[in-house]
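User: Hi! Could you walk me through this structure, one question at a time?

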Amino acid sequence: MICPKCKALIEEDKLYCDHCGYEVNIVPVFEPEVYENVQKTLQDIGEDIEETPELPPNFRMDDVEIEDDDRGDRPSLLDLFFRKGRSRNGTFVRKLIAVLIFLLMIGGVAFLVRYLFKPEKKQSFDSHYQMAMSYAEQGRYEQAIVELEQAIAADSSRTDARIKCADYYMMIGKEDSAVNLYLELVDDPEKGEAISLRIAEYYLKQKDYAKLNRFLLGSQYEGLRMDYNEYIALAPQFNLPEGTYEKYLEISLTANSNGRIFYTLDGSVPSYDSYEYTDAEKIQLRIGIHTVTAVFVNEYGQVSEPAVARYVVDARNMDAPGVNVTGGDYSSPEYLFVTHQAGSTVYYTTDGTDPSLENGEQYTGVIPMRLGKTTYKFIAYNTQGDPSMIVEIETNLNIHYVVSVEDSVNSLIRNLVALGVILDTDGHAEGKRGRYTYACDKAFCNQNMILYLVEECYLDTDGTEIPTGKKYAIDSGSGYLYSVSTDSYGYLIVSPLR
């Protein structure tokens, strides 16, 4: 069939013109014989009308004589129609009624066909799509979008229509709508990469580097990520895998593009205030446990996810120090004597913490044993600062005394007041704003005596406590008081208190 409106060819069974959308009227198709019979009937009706004589003015239906049928009753209208009339008027009426009934039947069939097979208001995908393309050729993109949206509603699987719709959104300035539609299509196996390129170009044009970075990080297309590599902030890469090493480490970091790398060594997330990595100053790791956390900031200010690596460096170039006593219970104090490599330095603690260059006391000679339970820890360092393993010893010294520690300290203070060393038992001294304090937490042996060791400190008004270096001893059996000095090895020497 030819479209009456645009003269385009309409395919069979189509209810609309695919080119212009014109609706096709449905007309029943009849057989030629039927058509000829209708024509003949209408012709006969015309002849009857011409030959029918005029009725007289005073003609009444009552004057018409009608032949009675077998029943003897007045004939009905149907009887008049179906039986053979004796006049041409009867033949004319029957023919007229037959034509009217036939025409009513044709109209009813046409109505039913039109009602039952009436298409939905929306046209087919193809018709909407063709109309959209026609509008687009004329530069009428808004009308094209309307048609494409209806086409998509008819068949949402047609990616070409959705892409065209997004393209036209771009052309009329509705870029957000276009990008949202593009984002729905990035996984398309055939056109997904090309669509992803359009999205990346849009973000780049808008200088929205944050959205561009996130989009590229989530993209499945490696070629796209390579093309836009400078806009991506990937986590830095370590040159060594995390783990345990028996040597010092030099850690280097690399990034996927130009920018800056910041790192921490305590496991915290780096910031602009953290260490900045440079190739000239690689990360040096010595003995210990190190958690290196690094982030990359590209030239467009985008920050990567943190990269974390944990390294255990156990490069022991130093022998552990030796201690002359073992852990256990003691009723008589002993000196602790430490042996170590020549040129090394030993540090120790007595509070259970690990000793280091920053924590603990430096070992310079023998150490008097502490009263009660004590945990000693020792570590040695060579001249390069390499530490040894930590040596740990726990002792428990309980003396069977006659004079208690508290009584011995109080006796010492009273004697110092009597000797004029301090002004009162609170430790005040002439010309001093602070005062002196005396504490005993160690013991030692001398000439078969078990002596408490009391050390003097100066307590300033600001709360600072400073050892004065003066030491005193009290015999735990007799309570006698002694002054204490130290020889070159750290052993304690006593003399009567004067």
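Analyst: Happy to. Two strands count as paired if DSSP finds at least two bridges between them; helices (H or I, at least four residues) and strands (E, at least two) are DSSP runs, numbered from the N terminus. This is a predicted model, where local features need pLDDT of at least 70 and side-chain atom pairs count only at pLDDT 80 or more, while totals for chains, interfaces and linings use all residues. Residues are numbered from 1 along each chain as its sequence is written, and side-chain values use heavy atoms, leaving out hydrogens and water.

User: How many bridges join strand 5 to strand 8?

Analyst: Strand 5 covers residues 259-264 and runs antiparallel to strand 8. The number of bridges joining strand 5 to strand 8 is six.

User: And which residue of strand 9 is the bridge partner of V292?

Analyst: Strand 8 and strand 9 (residues 307-313) are antiparallel too, joined by seven bridges. In strand 9, the partner of V292 is A309.

User: Why is strand 8 described as largely enclosed?

Analyst: Buried means under 20% relative accessible area, exposed over 50%, and partly exposed in between (1.4 Å probe, protein chains only). Strand 8 spans residues 288-298. The rest of the structure largely encloses this strand because the buried share of its 11 residues is eight.

User: What does Y438 touch, not counting residues up to four places away in sequence?

Analyst: A contact means heavy atoms within 4.5 Å. On that basis, Y438 touches V409, L412, I413, L416, I422, V454, E455, E456 and Y472.

User: Which residues are linked with E455 in a network of salt bridges?

Analyst: A salt bridge is a side-chain nitrogen of Lys or Arg within 4 Å of a carboxyl oxygen of Asp or Glu, and the structure holds 11 of them. In the network, E455 is joined by R370, D441 and K442.

User: How many residues apart in sequence are the parts that R162 and E184 tie together?

Analyst: The side chains of R162 and E184 meet in a salt bridge at 3.1 Å, N to O. R162 lies in helix 6 (residues 159-171) and E184 in the loop between helix 7 (175-183) and helix 8 (192-206), so the separation of the parts they tie together is 22 residues.

User: Is R198, the partner of D167, in helix 6 or helix 8?

Analyst: R198 and D167 form a salt bridge, with their closest N and O atoms 2.5 Å apart. D167 is buried, at 18% relative accessible area, whereas R198 is partly exposed at 35%. D167 is the member in helix 6, so the pair ties together parts 31 residues apart in sequence, with R198 in helix 8.

User: Where is the pLDDT below 50, with six contacts beyond near neighbours in sequence?

Analyst: pLDDT is the predictor's confidence in each residue, from 0 to 100. The protein averages 85, and 78% of the residues score at least 70. Where pLDDT is low, the predicted coordinates should not be read in detail. The stretch you ask about is residues 66-71.
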